[in-house]
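My notes are kept in the order in which I went through them.

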Amino acid sequence: MAKKKYYVVWEGHETGIFTSWADCEAQTKGYPQAKYKSYKSLSEAQEALAGNYWAAVNSSKKKSSSKPSAAMEKEVVWHSLSVDAACSGNPGVMEYQGVDTQTGRRIFHQKFSLGTNNIGEFLALVHGLAYLQQKNLPNLPIYTDSRTAMSWLRKQKVKTNLVQNAQTKPLFVLIQRAENWLKNNSYENPILKWDTENWGEIPADFGRK
């Protein structure tokens with residue numbers, strides 16, 4: 001039997017503690033910058049709700065493991081940029097954004113009529129790097145929760161089965177620009193994997209899960 005969870009919603013259509021994912025999703029789906037997190041006990045959820053989302057994520061207890069990952073051993077670098085993408089269907093209407101990790105303030109946002117989540121995650125990373133270069137912030141880290149996007153970034157190449165047609169042409173033009181940017185520019189910004197399991201959803205999440 002699955003263990004009962006309690007879902008705290010700090011920002012959503014309604015806020016409070018909910019005892020099922022369906023109820024939590026109803027309050028967060030479609031709500032811009034929704035903030036929520038699950039807890040194993042009612043007391044933990046009540047304590048978290050009495051505080052704020054960022055404090056809850058920052059002080060989240062790490063799960064025990066015989067082989068802890070490097071990400072689990074680290075604290076969140078709050079002075080950073082977080083990026084994420086969302087897709088209504090895959091492929092489907094796709095959008096990505098970059099936000100200030102600490103405050104959740106949106107820094108950039110793009111939307112396309114047809115795309116995939118992986119493409120959005122990749123473009124968000126490159127957009128973030130270009131933005132930080134423009135702002136002369138060469139050491140500011142960027143968080144992503146997508147290993148695929150990180151791999152494409154390292155290889156400077158997108159690998160996708162998305163069909164190129166009139167509808168997707170603007171997206172593929174941007175992909176080509178992103179790949180060219182990576183080939184013609186260097187960067188020192190650390191690209192960090194967001195530890196969703198231990199920290200909750202990445203601050204750039206669209207709140208549609």
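The entries below take the helix packing, then a pocket, then the cavities.

Entry 1, ground rules. I am working with a predicted model, in which local features need pLDDT of at least 70 and side-chain atom pairs count only at pLDDT 80 or more, while totals for chains, interfaces and linings use all residues. Residues are numbered from 1 along each chain as its sequence is written, and side-chain values use heavy atoms, with hydrogens and water left out.

I looked up helix H4 (residues 117–134) and helix H6 (residues 169–184), which pack at an angle of about 50° with their axes 10 Å apart; axes are lines fitted to C-alpha atoms, for helices over the stretch in contact, and angles run from 0 to 180 degrees between N-to-C directions. H4 and H6 are therefore oblique to each other, a label left for angles that are not under 35 degrees (roughly parallel), over 145 (roughly antiparallel) or 65 to 115 (roughly perpendicular). The contact (heavy atoms within 4.5 Å) includes Leu123, Val126 and Ala130 of H4 and Leu174, Ala178 and Trp181 of H6. By class I find 12 nonpolar, 1 polar and 1 charged residues in the contact of H4 with H6, where Ala, Val, Leu, Ile, Met, Phe, Trp, Tyr, Cys and Pro count as nonpolar, Asp, Glu, Lys and Arg as charged, and the others, Gly among them, as polar.

The axes of H4 and helix H5 (residues 147–155) come within 8 Å and cross at roughly 55°, and that makes H4 oblique to H5. Among the contact residues I note Phe122 and Leu125 of H4 and Trp152 and Leu153 of H5.

Which helix gives the most to the lining of the second largest pocket? I find that H4 does, with 6 residues, and that the lining includes Leu123, Val126, Ala130, Leu174, Ala178 and Trp181. A pocket here is an open set of points on a 1 Å grid over the protein atoms alone, with protein on both sides within 12 Å along at least five of seven lines, and lining residues have an atom within 4 Å of a point. The lining of this pocket has 8 nonpolar, 3 polar and 1 charged residues.

A cavity is a set of grid points where a 1.4 Å probe fits but cannot get out, and I count 2 cavities of 30 Å³ or more. Tyr36, Trp54 and Asp205 are among the residues lining the largest cavity.

Technical notes
Helices (H or I, at least four residues) and strands (E, at least two) are DSSP runs, numbered from the N terminus. Grid points are joined across faces, edges and corners, and a volume is the space filled by probe spheres set on the points.
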